[in-house]
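Please keep the model open beside the text as you read.

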Amino acid sequence: FDDKVAEMIISVTKPEVDSVEIITKRQASDLYKKQLQGATCEAILLKMTDRLHNLRTLSSCSVEKQKRKIKETKDVYFPIFQKAFEKYPVQAAYLYEQMLLALDKLRN
């Protein structure tokens, strides 16, 4: 893989608590969101695809976890995903629609 692919993967990978630079899960989460906000449109499309897969497989999880992930998707990820529409409007729209369908299935 080249540097571009490595950069995309790093920008969508959640950091782990290492007890030195990142002490709490909250710090790791905040850093991850900041990384994702600054990611390229291609990396965001990659994350959209990953999130779609996560939503489609969420039905096997507890209702509480489903609710938490639905809220996180709407409140955190959807605003970040808007950036992908700038460069890839057709692909981003397709993934967004598929996520909405997956969310709708979870609520029913």
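Is the crossing of H1 and H3 left-handed or right-handed? The crossing of this pair is right-handed. Please bear in mind that the model is a predicted one.

**Helix pairs**

Helix H1 covers residues 3–11 and helix H3 covers residues 41–56; their axes come within 9 Å and cross at roughly 50°. That angle makes H1 oblique to H3. On the H1 side, the contact is made by Lys4, Met8, Ile9 and Ser11, and on the H3 side by Glu42, Ala43 and Leu46. Sorted by class, this contact has 4 nonpolar, 1 polar and 2 charged residues.

H3 also packs with helix H6, which spans residues 89–107, and these two axes come within 9 Å at a crossing of roughly 20°. H3 and H6 are therefore roughly parallel to each other, and their crossing is left-handed. From H3, the residues in contact are Leu45, Met48, Thr49, Arg51, Leu52, Leu55 and Arg56, and they meet Gln91, Ala92, Leu95, Tyr96, Gln98, Met99, Ala102, Leu103 and Leu106 of H6. The residues of this contact divide into 11 nonpolar, 3 polar and 2 charged.

The next pair is H2 and H4, with axes that come within 10 Å and cross at roughly 20°. These helices, too, are therefore roughly parallel to each other, and H2 passes H4 in a right-handed crossing. Here Tyr32, Lys33, Leu36 and Gln37 of H2 meet Val76, Tyr77 and Ile80 of H4. By class, the contact of H2 with H4 has 5 nonpolar, 1 polar and 1 charged residues.

The table puts the axis values side by side.

| Helix pair | Axes come within | Crossing angle |
|---|---|---|
| H1 and H3 | 9 Å | roughly 50° |
| H3 and H6 | 9 Å | roughly 20° |
| H2 and H4 | 10 Å | roughly 20° |

**The largest pocket**

Now to the pocket. The largest pocket has a volume of about 420 Å³. Which elements give two or more residues to its lining? They are helix H2 (25–37) and helix H4 (63–81). H4 provides the largest share of the lining, 7 residues.

In total, 16 residues line the largest pocket, and Lys14, Ser29, Lys33, Lys69 and Glu72 lie nearest its centre. Lys33 is also one of the H2 residues that meet H4.

How values were computed: Residues numbered from 1 in each chain as written. Predicted model: local features only at pLDDT ≥ 70, side-chain atom pairs only at ≥ 80, totals over all residues. Heavy atoms only, no water. 1 Å grid on protein atoms, 1.4 Å probe; cavity = no way out; pocket = protein on both sides within 12 Å on 5 of 7 lines; lining within 4 Å. Points joined across faces, edges and corners; volume = space filled by probe spheres on them. Helix = DSSP H or I, 4+ residues; strand = E, 2+ residues; numbered from the N terminus. Axes fitted to C-alpha atoms, helices over the stretch in contact; angles between N-to-C directions. Parallel < 35°, antiparallel > 145°, perpendicular 65-115°, else oblique. Left-handed = near helix turned anticlockwise from the far one by under 90°. Contact = heavy atoms within 4.5 Å. Nonpolar A, V, L, I, M, F, W, Y, C, P; charged D, E, K, R; others polar.
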